[in-house]
Amino acid sequence: MWSVTSTILSLVLFATYLGIGALAHDTHFSLGWALASTVFVWAGPAQIILISTLGSGATVVQAAIAVTLSAIRLFPMVVSVLPLVRSPGTKRRQLILVTHFIAVTLWVECVRLLPQVPRGRRIAFAQGLGFGLLSVCLVATALGYGLAANLPELFGAAILLLTPLAFLLSTARNCRQLADVLALALGLALFPVVSLLHTGVDILISAVSAGSIAYAVQRWRAAQ
Amino acid sequence: MSEFIGDWHSLLVLLLAGFMPNEVWRMIGLWLGGGVDEGSELLVWVRAVATAILAGVIAQILLEPPGALASVPGWLRYLAVAIGFAAFVVTRRSILVGVICGELLMLAGKWWIG
């Protein structure tokens with residue numbers, strides 16, 4: 001059942017969580033904290049945002065706003081996966097665990113694999129898949145944390161570089177519309193400029209401006 | 001054990017700034033269920049802002065790198081990511097090839113600098 005695509009997706013996921021573990025170590029969080037963030041947050045971007053904002057001195061409220069803005073994208077994923085999972089008699093509380101597991105990788109895999117699974121077994125299948133991915137990522141988090149603590153500086157740097165690389169490329173791959181591409185490019189370009197202001201909410205300012213400009217350009221192009 | 005967990009205050013921060021603001025969108029999706037148009041204008045804007053947040057965080061890590069990454073000079077960090085991205089484009093969007101090329105370039109550059 002594991003085709004090449006899913007192997008590569010899990011490899012990228014593994015690399016991402018190696019990076020998260022290393023990032024947590026180098027921003028002085030404990031290993032237990034890093035593992036707990038993987039279990040409870042279970043969304044790579046939100047974890048990176050949480051660790052890097054808190055690590056650079058943001059307040060709890062500033063970090064929470066950045067996390068929640070990044071997490072809105074989970075909402076359409078949940079809305080599109082759940083109809084695939086539920087049967088006519090399924091109660092909401094039976095779906096809570098599956099809902100928690102939904103993040104980009106599980107979403108892609110569910111859309112790909114669930115149609116081949118009999119409807120009555122889909123909740124169990126999605127829970128198993130989610131739990132499997134979570135276990136892999138917990139190992140990666142601990143490994144990244146341990147490697148950052150023990151490896152020579154050069155390899156520590158290589159593991160930390162995994163985070164921006166893997167996220168840039170997976171975000172670029174998930175771009176579906178012009179607005180997504182522009183938001184990515186403008187977001188990269190605007191942050192260095194806005195960071196000169198040292199507002200404490202640099203990421204929010206640059207992201208809301210970049211995202212809004214990207215959205216406006218797409219609407220303008222569509223209207224033409 | 002206390003070293004493993006760290007202080008309880010930081011776990012509370014994880015709950016308030018990480019778990020709750022993230023999980024709330026999953027649970028809203030569960031409660032509202034169907035009837036939401038994925039192509040709606042508001043969601044297009046939200047996705048653009050979310051993408052730009054991620055872009056900002058990527059830029060922040062490269063610009064103000066944490067820990068060991070700070071030992072790599074700025075130009076080499078940017079070059080490694082640019083080469084990784086170029087490899088990703090050339091291989092028709094292979095994330096794996098892009099990541100490997102970027103990493104190898106950084107390691108080679110660091111070795112070359114000495």
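A: In this predicted model, the C-alpha centres of domain 1 and domain 2 of chain A are 24 Å apart. The domain assignment puts residues 4–174 of chain A in domain 1 and residues 175–224 in domain 2.

Now the contact itself. Domain 1 of chain A brings eight residues to it, and domain 2 of chain A brings six. On the domain 1 side, two elements of chain A give two or more residues each: helix H4 (60–71) and helix H9. That side holds four nonpolar residues and four polar ones. Charged residues are absent from it.

H9 of chain A covers residues 153–174, and domain 1 of chain A ends at residue 174. H9(A) also packs against helix H8 of chain A, which covers residues 122–150. The angle between the two helices is about 145°, and their axes lie 8 Å apart. Their crossing is left-handed. H8(A) contributes Gly144(A), Leu147(A) and Ala148(A) to this contact. H9(A) contributes Phe155(A), Gly156(A) and Ile159(A). By class, the residues of the H8(A)–H9(A) contact are four nonpolar and two polar, with no charged residue.

To recap, H9 of chain A takes part in two contacts. H9(A) packs with H8(A), and H9(A) also gives two or more residues to the side of domain 1 that touches domain 2 of chain A.

Definitions and conventions: Residues numbered from 1 in each chain as written. Chains lettered and ligands numbered in written order. Predicted model: local features only at pLDDT ≥ 70, side-chain atom pairs only at ≥ 80, totals over all residues. Axes fitted to C-alpha atoms, helices over the stretch in contact; angles between N-to-C directions. Helix = DSSP H or I, 4+ residues; strand = E, 2+ residues; numbered from the N terminus. Left-handed = near helix turned anticlockwise from the far one by under 90°. Contact = placed C-beta atoms within 7 Å. Nonpolar A, V, L, I, M, F, W, Y, C, P; charged D, E, K, R; others polar. Domains from an automatic or database assignment.
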